[in-house]
Amino acid sequence: MRFEVWAPKARERVDLHLRSAPPDTAPETVLPMDRDPARPGWWTADPPEDPAPGTRYGYALDEGPVRPDPRSRRQPEGPDGLSAVVDQEAYDWRVPWAGRPLAGAVLYELHIGTYTREGTLDAAAARLGELAELGITHVELMPVCPFPGTHGWGYEGVSLWAVHEPYGGPEALKRFVDTAHGLGLGVVLDVVHNHLGPAGNHLPAYGPYFTDTHHTPWGAAVNLDAPGSDEVRAYLLGSAVAWLRDFRLDGLRLDAVHALADDRALTFLEELTAAVDALGADLGRPLFLIAESDLNDPRTTTPRAEGGIGVHAQWNDDFHHALHAALTGESQGYYADFARAPLTALAKTLTHAFFHDGTYSTFRGRTHGRPVDRRRTPARRFLGYAQTHDQIGNRARGDRLSATLSPGLLACAATLVLTGPHTPMLFMGEEWGAGTPWQFFTDHPDPVLAEAVRSGRRREFAAHGWAAEEIPDPQDPATRDRSCLDRTERERAPHDRLLAWHRELIALRHAHPDLTDPDLAAVRVAYDETARWLAYRRGDLRVAVNLAATPAHLPLGPHPAAPPRILATWNPVRPPGPDGVLSLPPESCAVLTDG
């Protein structure tokens, strides 16, 4: 077994420290490492005997403190502890897996720490049957890299090759993926390349992983284009490939790619998409990347062969913002432009993907976005959703739509998400209108950092008129506990009805090819901004929603043959009469088919 580390900041020496796994108290072994003459900045060591799995190890630069391995595969004692040796071949995979592509997918965003009260991968795996029965195709896990403390969102991870130990560590993630695959579920992992957390980050001690050439909301940027960036890119690329290869994941969600500061001609994202495509070809199964991007730039998902970056899909916040404004009437912040005519905005996102596609953005104070070429761009490259961890958790109280909307409006939201032209995604608990919030919570052991996070959160919302006592304390364990799903709701009204509605809509999506037709230009939308109804046609299917508190009469148009047939409806409705008018009750929705 060879140990190697990129440590260009070491001036004279690097030592490998080896310790037996607890409770063994054998003396520590210290081995001097050698410079690798073929790779500048790299140091290597070959112990006389291969250390057993679980053996703790770390590196000391120039007789300084022993630090964890930047490429550590396990951090049993947390981000500041020693790394542990992991045998990647030890897990006995039970389920042969040929992969599951993104086309036709219904995704489900899931946070391990709050999906169950236990907050572990094994506890979540035991509940995956619910998602398979619902009709979900892929589970999208929020980040699982180690972070300080036990509970957190995961976006402050610092060991980008390892799995958070309180979740169960690397073996538990493999068990989770194996269980998911056994149920026919693909697994996508959210990874963060644009920053690392403020605590437990030892990378700067080793080399130029960060640069002051660019500045981000988190401080110095990850070094993607300054001196030393070749190795930093290799570090991130290796991490991404390892998740997909060693854990048999099906895809990665890339956090906030617009925050990747990168001025090189060949961008990191292009390198990453090329590496993932090559790995998929080598493994013989489909792999994909989903970007979170605020740029509204279709080049993000345009294939590299056509001059794009080659990411396979991206989140589309414009659809969310239009839908949220239509459902709630909220008009603050980035909702302002959408709220002026929310159904108009919604119709545009259903037919053109982006609302801001070269239009003026009041929130940004400038023109934003670029048009999508609907003739060449399949709709499945854009994810559509009514709720996500960001759109719930970044609200002052972490309130879901279910906190303020009626079951009927929640059903309308589900209908628009699950029958639209985009690739649909749900946030955990949304399928039954969960009454639990999903709030911002942290578990920083450092009291100074904990107070900085707490006061910063309250200061942020004070600017919007919130009193400090109204903002949940991120460090209070009760904040995380409130955010855990309550599964007993699934059996109670009105949650059980919403759950059945989601199940019915997903079954329709899987059964009717028209609902997964990738042709954006084929979607036909009609709406009445004043009466608050919207309808669209997808092949032989028609989808109608009434967001008003009064009945709506939708002119679907005369039918030359048999009247449209009702496939699914939230409240009982009659098929359209000879005049083609569909009457929908207040806050209701229906899916129809011709003939």
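Analyst: In this predicted model, the side chains of aspartate 246 and arginine 73 meet in a salt bridge, with an N to O distance of 3.0 Å.

User: Why is the contact between aspartate 246 and arginine 73 called a salt bridge?

Analyst: The criterion is a side-chain nitrogen of Lys or Arg within 4 Å of a carboxyl oxygen of Asp or Glu. The N to O distance here is 3.0 Å, so the pair of aspartate 246 and arginine 73 qualifies. Aspartate 246 belongs to helix H6 and arginine 73 to the loop between strands E7 and E8, so the contact ties together parts that are 173 residues apart in sequence.

User: What makes glutamate 130 buried or exposed?

Analyst: Buried requires under 20% relative accessible area. Glutamate 130 has 17%, and therefore counts as buried. Its salt-bridge partner is arginine 127, with the closest N and O atoms 3.0 Å apart. Arginine 127, at 36%, lies between the cut-offs of 20% and 50% and is therefore partly exposed. Both residues belong to a salt-bridge network that also includes Arg487 and Arg490.

User: How do you know that strands E21 and E22 pair?

Analyst: Pairing requires at least two bridges. Valine 525 stands opposite tyrosine 536 in E22.

Notes. Residues are numbered from 1 along each chain as its sequence is written. This is a predicted model: local features need pLDDT of at least 70, side-chain atom pairs count only at pLDDT 80 or more; totals for chains, interfaces and linings use all residues. Side-chain values use heavy atoms; hydrogens and water are left out. Helices (H or I, at least four residues) and strands (E, at least two) are DSSP runs, numbered from the N terminus. Buried means under 20% relative accessible area, exposed over 50%, partly exposed in between (1.4 Å probe, protein chains only).
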